[in-house]
Protein chains: 2
Amino acid sequence: MSVSISVMRRLPAYLHYLKQLPPDVENISATTIAAQLDLGDVLVRKDLNCISGAGKPRTGYSVKGLIDDLERVLGYKNKNLAVIVGAGKLGCAMLEHSGFEEYGLHILAAFDVDSNKIGITDSGKYIYPLSDFEEFCSQADVRLGVITTPACAAQEICDLMCRSGIRAIWNFAPIHLTAGKDILIQNENMAASLALLSAHLAEMGC
Amino acid sequence: MSVSISVMRRLPAYLHYLKQLPPDVENISATTIAAQLDLGDVLVRKDLNCISGAGKPRTGYSVKGLIDDLERVLGYKNKNLAVIVGAGKLGCAMLEHSGFEEYGLHILAAFDVDSNKIGITDSGKYIYPLSDFEEFCSQADVRLGVITTPACAAQEICDLMCRSGIRAIWNFAPIHLTAGKDILIQNENMAASLALLSAHLAEMGC
DNA sequence: TATATATCGGTATATTTTTATCGATATAAA
DNA sequence: TTTATATCGATAAAAATATACCGATATATA
């Protein structure tokens with residue numbers, strides 16, 4: 001069964017919630033999950049039904065089974081090689097952040113045009129000159145690119161990534177990127193988040 | 001007219017596109033914007049109609065007028081005081097990032113439990129001990145809190161923020177936070193983004 | 001064993017969001 | 001001036017998403 005994007009977005013929350021349950025909890029109901037995550041119980045049941053057909057009346061779902069199914073659907077068991085372009089504050093923070101491994105994302109290195117940034121980080125990862133990018137990606141068979149450059153450079157980097165065999169781009173630059181239809185561009189839309197927060201505050205008369 | 005969340009999410013893209021146009025472009029059509037941002041022209045027209053009634057047939061919209069209206073609706077002209085809790089890599093990156101000012105977000109300082117983190121950053125902003133949090137917020141009348149702690153600490157910080165008068169929370173910890181209904185919690189759902197990317201790569205047989 | 005109950009899963013309905021269609025209109029060109 | 005065209009804005013349709021309802025069922029309790 002295909003999983004819609006809306007559903008997909010909620011799955012990580014389910015997984016996280018299930019993982020932090022005490023280990024003696026063997027079964028859990030959609031109702032309980034829904035209450036904890038401020039969602040409707042029917043919605044949760046429908047979501048879980050998309051990825052795992054194994055719910056039992058009165059009992060609920062097997063926690064272990066759900067976790068397995070969620071991790072499979074979410075691809076956390078995959079190993080995705082990634083590189084970062086833009087070794088500014090955010091880029092470096094991501095390069096050094098070990099937490100992405102949990103999601104199957106292995107960040108190999110970062111790249112930057114600024115020669116002052118080239119070198120090795122505290123945690124032992126490398127920042128290479130951008131000129132090495134294409135060769136590095138084809139040799140390491142990198143499929144995922146993270147863009148943490150300023151907006152003005154992002155489209156150019158996006159093009160470079162496409163040329164270098166990258167198939168999915170995680171974009172943190174506040175700009176709309178254009179690429180072929182076979183390339184997935186996921187925008188981390190911080191400006192939109194901020195706008196929602198700001199609007200909420202304004203509404204309250206702050 | 002009220003602006004739905006879906007619409008709100010697209011507005012920053014419109015604004016950014018309009019701002020980077022050459023200054024001699026006085027008018028622009030929804031069709032043109034749509035083509036540039038890979039959206040439907042009717043959708044763009046409907047969105048713009050939510051925030052600005054001033055489109056003329058054949059001519060389009062006044063660029064200047066649209067920018068004004070967008071900035072007003074998005075609240076970029078507001079001044080929102082914010083603080084960060086969690087002075088790790090991401091927290092520090094955000095603390096030092098000047099780009100948020102453009103969106104009306106003024107980050108005053110960061111807080112952390114770790115006494116080794118306390119001090120002043122390169123750009124002159126302070127990292128205070130968490131024990132000072134509540135007093136700082138009430139004195140400075142801070143309304144927006146950014147959470148960049150590990151997941152295990154996030155709910156506790158969320159509670160602290162609510163007690164301290166904060167009305168909107170920008171949460172980067174990968175966990176669902178619970179707060180009163182008058183508090184807006186905006187989750188920056190990186191895990192969900194990653195899952196979508198990973199699923200796309202898996203689908204392509206990588 | 002018989003009954004009660006919480007929960008699932010399917011169907012139906014409601015809501016939200018997006019896309020399509022069409023007449024009206026301002027500008028440009030003939 | 002007349003005609004052609006690009007665009008708007010309104011209405012309608014379609015698609016996606018979320019919610020409500022209800023019978024079936026596995027477990028618990030009397």
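A polar backbone atom of A:Gly55 lies 3.1 Å from a sugar or linking oxygen of DNA strand C. That is a polar contact, meaning a pair of N or O atoms within 3.5 Å; within protein, one must be able to donate a hydrogen and the other to accept it, and residues adjacent in sequence count only if both atoms are side-chain atoms. The model is predicted: local features need pLDDT of at least 70, side-chain atom pairs count only at pLDDT 80 or more, and totals for chains, interfaces and linings use all residues. Residues are numbered from 1 along each chain as its sequence is written, chains are lettered from A and ligands numbered from 1 in the order in which they are written, and side-chain values use heavy atoms, with hydrogens and water left out.

| Residue | Atom of the residue | Atom of DNA strand C | Distance |
|---|---|---|---|
| A:Gly55 | polar backbone atom | sugar or linking oxygen | 3.1 Å |
| A:Ala30 | backbone N or O | phosphate oxygen | 2.9 Å |
| A:Arg45 | side-chain N or O | phosphate oxygen | 2.6 Å |

Several elements give two or more residues to the surface near DNA strand C, among them strand S2 (55-56) of chain A and helix H1 (5-19) of chain B. Helices (H or I, at least four residues) and strands (E, at least two) are DSSP runs, numbered from the N terminus. H3(B) gives the largest share, three residues.

In total, 22 residues surround DNA strand C. Near means that a heavy atom of the residue lies within 4 Å. The closest include A:Arg58 and B:Arg10.

The same surface serves both copies: 100% of the contact residues of chain B recur in chain A. Each chain puts 54 residues into the contact, which requires heavy atoms within 4.5 Å. Together the chains bury about 4,800 Å², 71% of it on carbon and sulfur atoms. Buried area is the accessible area (1.4 Å probe) that two parts lose on being put together, summed over both. In chain B, B:Leu194, B:Leu196 and B:Leu197 lose the most area to chain A.
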